[in-house]
Amino acid sequence: MKNAVTISVLALLILPAIAFGQDAAKPLPDAPSSQAPSERSRGFAELNQRETDPPPSSVGIDPVSPQAPAARAGISSEDKVHYYLTETYFNPSALTAPAFRAGLRMANPPGKGATQYPSEWRQGGGAFGRNYGDAVAERVSFQTARFAAGVITREDPRYVPSSSRGVFTRSIHAVSFTFVDRSNSGHRMPAISNFVGAAAGGFVGNAYLPAGFNDVTHAGQRATLRFGFAAAGNLFREFAPQMPRPMRTFFTLIAR
């Protein structure tokens, strides 16, 4: 639990810093040329540009590279199902992220002394399998409950990036989007689906976790942590376009 909290806190702190560093490292644009192109050459250039550019898409499904808010108005039921399946099952992190969490849980088991995880949850391949199954169950429960609640409340599950260029403003926008997101039509509304998903992810463990960790108190702690992971995920989506590709891939595999 401590390692998981530490990772989420670090994500909340370092992702904006990484993006700021990438923006600062960008070279300044070249000075404009003193020779202005003729009207005829500009006309040919604009015509060629229109012919070669692909038509813009009206729906952005990729959660890591979100489109601008202006292109994201409206979402269909089919798009919601596609988003849910992609986020939950059809991406590499569906296998790697639970494995990473299971390794952290075994390296630093919850509790201390007599209240620590029992040995069958701490040592050996069987323990890894139990912790891996717990991570998968929590992940699937969160995404499924979030999807179902979003359908009922007519929420758009996609993240809408900030239109600001300031790191602090973008960070506040990403975190606040965990609490207030968008409806299907693009209007602001309470992020009910995030709260429902976090509760489902936190309480699902009460069905199989060892004694002492299957009570309401621990379920509430797991739900709070899951909600924090959702906030960290929004920060990642906000600053992912400015992150180096290897680092973006790494975070995607362990924390998506």
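I shall speak about the cavities and then the strands.

This is a predicted model, in which local features need pLDDT of at least 70, side-chain atom pairs count only at pLDDT 80 or more, and totals for chains, interfaces and linings use all residues. Residues are numbered from 1 along each chain as its sequence is written, and side-chain values use heavy atoms, with hydrogens and water left out.

A search of the whole structure finds two cavities of 30 Å³ or more. A cavity here is a set of points on a 1 Å grid over the protein atoms alone where a 1.4 Å probe fits but cannot get out, and lining residues have an atom within 4 Å of a point. The volume, meaning the space filled by probe spheres set on points joined across faces, edges and corners, is about 70 Å³ for the largest cavity.

Which residues line the largest cavity? They are Lys80, Tyr83, Tyr84, Gln143, Arg146, Phe147, Gly150, Glu155 and Pro157. The helix α5 (124-153) gives the most to this lining, with four residues; helices are DSSP runs of H or I with at least four residues, strands runs of E with at least two, numbered from the N terminus.

Two bridges join β1 (residues 155-156) to β2 (residues 180-183), and the two strands run antiparallel; strands pair if DSSP finds at least two bridges between them. β2 is also joined to β3 (residues 188-190), antiparallel, by three bridges, with Val180 opposite Pro190.

Terms used
On a 1 Å grid over the protein atoms alone, a cavity is a set of points where a 1.4 Å probe fits but cannot get out, and a pocket is an open set with protein on both sides within 12 Å along at least five of seven lines; lining residues have an atom within 4 Å of a point.
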